[in-house]
Each structure stands twice: as C-alpha cells, then as structure tokens.
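Dear colleague,

Please find below the structure that I am handing over to you.

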Amino acid sequence: MPFINVKTNCKIEKECAENIKSKLGIAITAIPGKSEGWLMVGLEDDYKLYFRGTDEPAAMVEVTIYGSASSNALTVLTSNITGILTDMLKISSDRIYVSYMNTDNWGWNGSNL
C-alpha cells in the first residue's frame with residue numbers, strides 16, 4: 001500500500017500523467033511485495049516550487065510505505081523515480097528530492113490494517 005505524491009512546478013499534460021503513473025507502477029516493484037495493484041499516485045503540477053532560489057523545473061516526491069523497505073530497495077526506487085521525472089518532464093536529477101515515510105498504521109476500506 002504505497003503512495004507516491006509528486007509535486008512539480010512543471011505542467012503535466014494528461015497523456016504524460018498517464019505515462020508517469022504507469023512507470024511509477026513498475027518502479028514501485030523495487031520494494032519487495034509492492035505492486036501497482038496497491039499503488040496510489042498523486043501528481044500536483046504547476047505547483048509553486050522553488051529550489052536553490054529559482055523556479056527552474058524541480059520536483060519534490062513523497063513516498064509513503066505501509067511497513068518498511070530496505071535501504072537498497074529505496075536506493076533503487078529513488079533512482080527509478082528520478083529517471084522517470086528526468087525522462088518525462090526534463091527535470092535535472094539534481095533538482096529532484098525524494099523523501100520516504102514508513103508507517104505501521106494504514107486505513108483502507110473502512111478500517112485500519
């Protein structure tokens with residue numbers, strides 16, 4: 001039950017959003033037991049986002065994971081996410097942050113897991 005939320009100051013057209021969503025669905029498999037079948041993706045484009053004092057293309061990606069993941073899996077996922085945003089939105093990899101939060105509490109379908 002992962003959630004990936006991408007905030008970017010770039011404009012994301014519908015077709016591009018669909019491609020990013022699909023690619024993130026593949027990328028999440030870097031974490032054992034995670035799949036697109038349980039992945040929720042948020043894309044916030046045209047976000048007022050400044051990095052290093054400029055509004056050049058940038059992204060802040062927040063990944064929330066039910067349970068935990070190894071450092072190696074997260075390193076692979078960070079590389080995959082960065083590659084997707086660099087390829088699809090032309091954001092330089094040094095202007096992308098990826099943060100992670102693990103949780104043991106997750107609500108779904110009217111109850112908590």
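The accessible surface of the protein comes to about 6600 Å², and 50% of that surface belongs to carbon and sulfur atoms; areas come from the Shrake-Rupley method with a 1.4 Å probe, and for residues only the protein chains shown count as cover. This is a predicted model, in which local features need pLDDT of at least 70, side-chain atom pairs count only at pLDDT 80 or more, and totals for chains, interfaces and linings use all residues. Residues are numbered from 1 along each chain as its sequence is written, and side-chain values use heavy atoms, leaving out hydrogens and water.

Of the 113 residues in the protein, 38% are buried (under 20% relative accessible area; exposed is over 50%, partly exposed in between, with a 1.4 Å probe and protein chains only).

Three aromatic pairs were counted; rings of Phe, Tyr and Trp (its six-membered ring) pair if their centres lie within 6.5 Å, and planes under 30 degrees apart count as stacked, over 60 as edge-to-face and the rest as tilted. One of them is the edge-to-face pair of Phe51 and Tyr97, at 5.0 Å centre to centre with 70 degrees between the planes. Phe51 lies in the loop between β2 (40–44) and β3 (59–66) and Tyr97 in strand β4 (residues 96–103), so the pair ties together parts 46 residues apart in sequence; strands (E, at least two residues) are DSSP runs numbered from the N terminus. Phe51 is buried, at a relative accessible area of 16%.

Tyr66 and Trp106 also form an edge-to-face pair, at 6.4 Å and 65 degrees. Tyr66 is partly exposed at 26%, whereas Trp106 is buried at 18%.

Yours sincerely

Note on methods. Helix = DSSP H or I, 4+ residues; strand = E, 2+ residues; numbered from the N terminus.
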